[in-house]
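Colleague: I have a new model open on my screen and would like to learn how to read it. Could you take me through it, starting with the strands?

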Amino acid sequence: MPRKHAQQGQLTRRLAVLDGEIVAVGDEADVRDWRGPGTETVDLAGATLTPGLTDAHSHPVWGIEMAAGTDLSAVTDLDQLRAALREAGRGPGGWVLGHGLDHNAFGGRPVDKALIEDAVAGAPAFLRLYDGHSALASGAALAAAGVTGPRTFAQRSEIVCDGAGRPTGHLIEHAAMDLVGSLAPKPTYAERRGSLSRLLSDMAATGLTGAHVMDLGDGDVPALLAGVEYEDDLPLRLRLSPWCMPGATDADLEELIGTQLLGGRHWQVAGVKFFMDGTVEGGTAWLEHADCHGRGTEAFWPDPEAYARAVRSLDAAGVRTATHAIGDAAVRHVLDTVASLGPRARMRHRIEHIETVPDDQLKRFAELGVIASMQPPHTAYTRADHGDEWSKRLGEERAGRAWRCRDLREAGAVLALGSDWPIAHHDARRVLAVARSPLGAASAGTPAWRGAALTGLMALEGMTSHAALAAGEERVAGRIAAGFRADLTALGLDPVDAPADELAEAPVRLTMSGGRITHRTASG
């Protein structure tokens with residue numbers, strides 16, 4: 001079998017890889033016996049070799065659909081929004097699609113279709129806000145979906161209506177968004193397949209060797225991934241977690257347990273994703289006390305105990321879970337649920353996002369063995385002066401404990417880091433850099449900074465050894481050692497000691513996933 005050898009200048013001098021596994025690490029003498037006719041030697045020219053970087057929270061398949069249409073992420077006010085929509089291309093049926101729209105662009109005004117109707121000139125329009133949990137639909141889009149007033153949903157979702165009961169076009173949470181979003185033009189199977197391959201290659205070029213995928217799309221993702229692997233290899237190793245939504249029956253839970261058997265060469269279904277709340281900006285984060293608009297006191301699961309029963313059923317079957325919980329009440333309920341499972345549940349369950357958490361909950365993560373999964377790039381949607389929608393809704397006290405990554409680590413928690421692409425850019429170097437130098441409400445000079453900013457080593461661990469712990473792969477991944485999977489990233493500088501701003505632009509010399517070179521620079 002082909003044998004590969006890699007050299008680097010700082011952390012590991014030489015190593016040998018065989019059949020996707022590291023078989024020797026050390027000096028020339030340690031790897032000499034692994035050379036042979038099929039040997040490939042890789043000279044990394046003094047680069048720093050680290051365990052392969054893993055994005056612990058991403059949506060690379062579903063995100064292709066979410067990121068359809070015009071990119072509105074650079075829009076900062078209503079004038080820019082209208083200008084962008086006037087120039088936006090029209091898809092099939094004349095639809096105008098957009099994504100990445102910042103809540104702050106509305107300048108504190110309610111999200112309302114009246115603000116965009118002239119710009120879309122009567123066309124059906126569906127604009128996703130950056131959080132992925134809300135959207136703005138035009139009048140024509142609402143009419144096409146037959147949305148004429150409020151509705152009741154099995155999950156925490158809302159068709160926002162005015163005082164007369166007429167929809168404003170603001171759709172909050174998945175069930176409400178799907179009423180219109182399901183009608184919008186979708187990429188074809190061939191387009192999705194091509195987009196996915198390009199996206200995963202782009203991810204590998206930033207040093208990523210794997211990703212924890214927090215969805216299973218519309219259920220056809222296994223077939224899509226199998227189709228890609230029929231012709232080629234996936235550039236990243238993917239671990240996918242299908243959703244369990246409110247109203248799930250025992251049969252639904254059994255089906256989710258059954259999906260854990262699905263997998264391919266470089267992907268597998270591994271875990272189940274829940275939502276305990278929504279987002280702060282959308283008014284659906286579950287909070288201990290209401291936000292400044294009097295919202296946020298309800299859970300995504302109308303019956304929170306039903307969520308706990310579902311988690312208990314999956315845990316009894318040995319299935320790992322990840323729960324979206326942003327608000328303090330949501331975090332508390334998930335921790336309480338895991339506490340009810342007993343000590344055998346340690347390191348099997350994780351909480352995603354955790355944007356604000358009080359002091360009395362920090363130590364419970366380590367005590368219960370609950371993994372904290374956080375996305376430092378989300379801090380970019382906030383402002384140091386708390387003039388953003390996230391901070392204004394929470395108020396000074398809660399905004400002052402934003403993204404407590406460092407506090408959780410120092411309290412003993414396992415902390416896995418990710419991007420939440422397409423909510424934030426997938427570039428692994430940016431995740432590492434922002435983890436060390438958070439932005440907005442958690443930036444230097446704010447009360448939250450000391451509790452948010454990680455050391456260089458902590459940040460690297462968040463995308464390597466701690467990401468492996470979060471996946472239950474600590475015995476095969478997250479380290480450079482014999483017997484471990486050959487997931488490796490080589491950077492042109494030391495990601496632990498280099499300044500954060502330099503790290504964000506660091507050259508990626510080589511990316512190796514399971515012994516396969518998935519990215520290499522010309523000099524590598």
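Modeller: Gladly. Two strands pair if DSSP finds at least two bridges between them. Keep in mind that this is a predicted model. Here, strand β13 (residues 208–213) and strand β14 (residues 237–240) run parallel and are joined by four bridges. For a landmark, look at Ala 211, which stands opposite Leu 238 in β14.

Colleague: Which sheet do β13 and β14 belong to, and in what order do its strands come?

Modeller: They sit in an open sheet of four strands with parallel pairing, and the order is β6-β13-β14-β15. The edges are taken by β6 (53–58) and β15 (267–269); each has a single partner strand, so one side of each is left without a neighbour in the sheet. Ignoring direction, neighbouring strands of this sheet are turned by 15° against each other on average.

Colleague: What is the strand order in the open sheet of five strands?

Modeller: That order is β16-β17-β18-β19-β20, and the pairing is parallel. Its edge strands, β16 (272–275) and β20 (415–417), each pair on one side only. Phe 274 stands opposite Thr 323 in β17.

Colleague: Which strands of this sheet does α10 touch?

Modeller: Helix α10 packs on the sheet and touches β16, β17 and β18 (349–353). The direction of α10 makes about 170° with that of β16.

Colleague: Now the helix pairs. Are α10 and α11 parallel or oblique to each other?

Modeller: Helix α10 (residues 304–316) and helix α11 (residues 328–339) pack at about 40°, with their axes 10 Å apart. They are therefore oblique to each other. The crossing of α10 past α11 is right-handed. On the α10 side, the contact is made by Pro 304, Glu 305, Tyr 307, Ala 308 and Val 311, and on the α11 side by His 333, Val 334 and Thr 337. Sorted by class, that contact has five nonpolar, two polar and one charged residues.

Colleague: And how do α11 and α12 cross, left-handed or right-handed?

Modeller: This crossing, α11 past α12, is left-handed. The axes of α11 and helix α12 (residues 359–368) come within 11 Å and cross at roughly 30°, and the two helices are therefore roughly parallel to each other. From α11, Val 331, Arg 332, Leu 335, Asp 336, Val 338 and Ala 339 meet Asp 360, Gln 361, Arg 364, Phe 365 and Leu 368 of α12. By class, the residues of this contact divide into six nonpolar, one polar and four charged.

Colleague: Where does the model have an antiparallel pair?

Modeller: Go to strand β2 (residues 14–18) and strand β3 (residues 21–26), which pair in the antiparallel sense over five bridges. Leu 18 has Glu 21 in β3 as its bridge partner. The two strands form a hairpin with two residues between them, and Asp 19 in the turn has a positive phi of about 55°.

Colleague: Last one: where does pLDDT stay under 50?

Modeller: Over residues 1–12, although the model still has 53 contacts for them beyond four places in sequence. For the protein chain, the average pLDDT is 94, and 97% of the residues score at least 70.

Conventions:
Residues numbered from 1 in each chain as written. Predicted model: local features only at pLDDT ≥ 70, side-chain atom pairs only at ≥ 80, totals over all residues. Heavy atoms only, no water. pLDDT = per-residue confidence, 0-100. Contact = heavy atoms within 4.5 Å. Axes fitted to C-alpha atoms, helices over the stretch in contact; angles between N-to-C directions. Parallel < 35°, antiparallel > 145°, perpendicular 65-115°, else oblique. Left-handed = near helix turned anticlockwise from the far one by under 90°. Nonpolar A, V, L, I, M, F, W, Y, C, P; charged D, E, K, R; others polar.
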